[in-house]
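Please consider each value beside its definition.

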Amino acid sequence: MTRYLPWVAGAALVALPFVYRSPYPLHILIVILIWSFAYTSWSVMGRFGLVSLGHGGFMGVGAYVTALVWNYGHLSPWVGVPLAVAASAALAALVAYPCFRFRITGHYFALVTLALSGIVLQVITATRDYTGGSLGYTPERYQGGSSLWAFQFSDKTTWYLIALVVWAAGLFIWNRVDRSMLRYALEAISEDEDAAAATGVHVTAEKLKITVLSATMTALAGALYCQYQMFISPDTVSGISVSLQMVFAVVVGGIYVSLGPTIGAVITILLAEILRIGFGTRAVGWDNLVYGVLLILFIIFLPKGIVGSLMDLSRRSRWTSS
Amino acid sequence: MPLMGVDTRRIYLITSGLGGALAGLAACLLVLQYDVHPFVGLTFGPITFLICVLGSLGNFGGGFVAAFVFAEIISVGGLYLDLEWGYVFAFAFFIVMMFVRPEGLMARRS
């Protein structure tokens with residue numbers, strides 16, 4: 001039964017937009033799927049103790065390079081997205097390689113990457129003549145509205161399916177990493193770098209691999225977000241706040257389980273949306289307050305995240321029953 | 001530590017309280033220079049952290065020197081180019097310094 005569960009759930013998710021076509025919930029679902037993919041790509045490296053706060057920067061590069069290539073280069077996103085992803089991967093390698101080479105780990109790695117996302121945010125804001133600065137930026141609309149070449153679709157169902165495929169690919173990569181030798185190497189590294197190196201693990205290369213993979217996925221999420229929303233601003237796709245948003249959501253959902261980041265995205269985005277609608281204009285800002293308090297409570301009382309705690313609970317009950 | 005008769009919980013409470021109080025005092029002084037808005041803390045938080053690490057954690061003089069260097073880079077960069085470029089240079093300086101001297105500017109040799 002449990003073997004077929006992922007396939008049944010997948011089929012249900014694919015069929016959903018053909019049965020239920022209400023635009024607003026569909027929009028929320030698409031946003032959740034795109035962010036889930038971004039959070040999954042963070043947790044690919046975050047679960048090995050490589051806490052990066054630079055993912056806001058990678059996402060910003062992904063989104064802005066795609067939009068700039070389309071507006072100024074008049075090249076299709078089919079060219080722009082690979083360019084954006086390559087730029088982000090290069091940026092990640094440029095910063096991460098010296099970090100790993102000089103053995104900057106733990107808090108120090110988090111801070112170096114924090115500075116990196118600060119740099120990306122400030123560069124986007126500073127080059128406001130080209131990127132629109134903090135006012136945001138819009139890729140030009142294609143005349144026909146929908147076009148595969150321009151990667152712009154006016155139909156939400158199409159976007160839903162695209163986001164679903166990308167999200168599923170993210171989960172697939174997560175699971176592939178989970179089952180690979182890379183995982184064992186990285187777990188050894190996160191326990192003790194010297195011991196790992198002594199057993200023949202190439203510490204720098206393995207860490208660099210996972211970082212570049214993670215940055216690549218994050219940039220793709222940024223590009224997807226840009227193409228879907230058709231509006232990006234430095235605060236929504238880049239910077240320290242986005243990096244922190246990723247960390248919070250993954251911690252709430254569960255960092256060591258493949259569906260954890262997804263659940264984290266569902267909970268944080270639904271919570272923010274419900275609070276926003278519930279409070280409305282009567283109390284602007286209250287939604288953020290409730291959101292913040294809930295995040296603190298989650299982190300203190302469920303350090304393994306919701307999915308992680310649930311799995312612990314079921315495992316414990318299985319032990320006691322057998 | 002608890003074995004040596006140190007009440008860890010009490011020490012943590014006092015240090016956290018003191019840290020918050022001093023940050024509040026710093027904010028009172030910053031208000032003289034900056035305008036206040038709900039996101040004002042967010043703009044200082046990360047930079048404060050970076051400066052502390054740059055000047056070696058737990059080193060008072062180091063923190064002072066690092067804050068001075070950081071502020072000068074931001075201001076001088078902002079004087080010749082936009083203010084944002086000042087921040088870019090400061091962050092880049094931090095990253096390079098972490099590669100060159102991960103223990104911070106004023107680390108004591110142990």
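Q: What is the mean pLDDT of chain B, and how many of its residues reach 70 or more?
A: The mean pLDDT (the predictor's confidence in each residue, from 0 to 100) of chain B is 85, and 95% of its residues reach 70 or more. This is a predicted model, in which local features need pLDDT of at least 70, side-chain atom pairs count only at pLDDT 80 or more, and totals for chains, interfaces and linings use all residues. Residues are numbered from 1 along each chain as its sequence is written, while chains are lettered from A and ligands numbered from 1 in the order in which they are written.

Q: What makes the span of helix α5 of chain A agree with expectation?
A: Helices are DSSP runs (H or I, at least four residues), numbered from the N terminus. The expected span is 1.5 Å times one less than the number of residues. Helix α5 of chain A (residues 106-126) has 21 residues and should therefore span 30 Å; its end C-alpha atoms are 30 Å apart, which agrees.

Q: Why is α5(A) called mostly covered?
A: A residue is buried if 20 or more other C-beta atoms, placed from the backbone, lie within 10 Å of its own. In α5(A), 17 of the 21 residues are buried.

Q: How many residues of chain B are in contact with chain A?
A: Contact requires C-beta atoms, placed from the backbone, within 7 Å. By this criterion, 17 residues of chain B are in contact with 18 residues of chain A. On the side of chain B that touches chain A, α4(B) gives the most, with 10 residues.

Technical notes:
Helix = DSSP H or I, 4+ residues; strand = E, 2+ residues; numbered from the N terminus. Buried ≥ 20, exposed ≤ 12 C-beta atoms within 10 Å, placed from the backbone. Contact = placed C-beta atoms within 7 Å.
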